[in-house]
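Visitor: I would like a quick tour of this protein. Please show it first.

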Amino acid sequence: MKRFVVGAVTLTAASLGAASAGAADLPYAPRTAYTVNQPLNAFSWAGPYLGGNLGYQWGSVSNNPTKPSGFEGGVQAGYNWQSGPWVFGIEGDLQVTGADDTFAPWKFSNPWFGTVRGRAGYAFNNILFFGTGGLAFGELRGETFGRAEQHTTAGWTLGFGSEVGLDSHWSAKIEYLYIDLSESQFGITGTSNGYRSSVVRAGINYHF
């Protein structure tokens, strides 16, 4: 599975590189209403955006041998401010996941999670490299011998990625996030359990 994830990342990165090479020749129509100190005829990252993503999640449950993993997907929305090549913003997302694992007699899964993050990056015209971090929240569900228990907890997330402007409204991105959902006391295990995971995903955004 790790080879699948590495292969997916490599393929997506290659696709983004090819897209950016073609997009660099496109005539951009800057969204000047949102732009601060932006060079003429340069791609503008400023303003609101909305999009979707699809990726893969893998991790482990603290104080338990299970290692839930699976595909995930969801939606994101955000807002960017730009000054010259520097881009700052805030982004929120909500994901549904198929991450689960069974190690007798326990099964743990992470049915959904979300994040609210700050973003900061540097743009080379229509190519943006960024770091991101902030709040994470989600549900950890445990099952054993016909009993089920779930807890919704908050935690933190850190990550990085890159995004390529395809034209004045559309962009494609790939990013990595590390997510740490805090521990809760589970009656079915008799101890505290939390979920720490990594996510690699690709997405597309529409910039208004």
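The questions below go from fold to cavity.

Visitor: What kind of model is this?
Guide: Numbering starts from 1 along each chain as its sequence is written, and side-chain values use heavy atoms, without hydrogens or water. Local features need pLDDT of at least 70, side-chain atom pairs count only at pLDDT 80 or more, totals for chains, interfaces and linings use all residues, and the model is predicted.

Visitor: What pattern does the protein follow along the sequence?
Guide: Helices (H or I, at least four residues) and strands (E, at least two) are DSSP runs, numbered from the N terminus. The protein has 1 helix and 8 strands. Read in order, the pattern is α-β-β-β-β-β-β-β-β.

Visitor: How much of the protein is buried?
Guide: Buried means under 20% relative accessible area with a 1.4 Å probe, counting protein chains only. Of the 208 residues, the buried share is 46%.

Visitor: Which strand gives the largest share of the lining of the largest cavity?
Guide: On a 1 Å grid over the protein atoms alone, a cavity is a set of points where a 1.4 Å probe fits but cannot get out; lining residues have an atom within 4 Å of a point. N80, V87, R119, A120, G121, L128 and F130 line the largest cavity. The largest share, 3 residues, comes from strand 4.

Visitor: How many residues of that lining are charged?
Guide: Asp, Glu, Lys and Arg count as charged; Ala, Val, Leu, Ile, Met, Phe, Trp, Tyr, Cys and Pro as nonpolar; the others, Gly among them, as polar. The lining has 4 nonpolar and 2 polar residues, and the charged count is 1.

Notes:
Buried means under 20% relative accessible area, exposed over 50%, partly exposed in between (1.4 Å probe, protein chains only). On a 1 Å grid over the protein atoms alone, a cavity is a set of points where a 1.4 Å probe fits but cannot get out, and a pocket is an open set with protein on both sides within 12 Å along at least five of seven lines; lining residues have an atom within 4 Å of a point.
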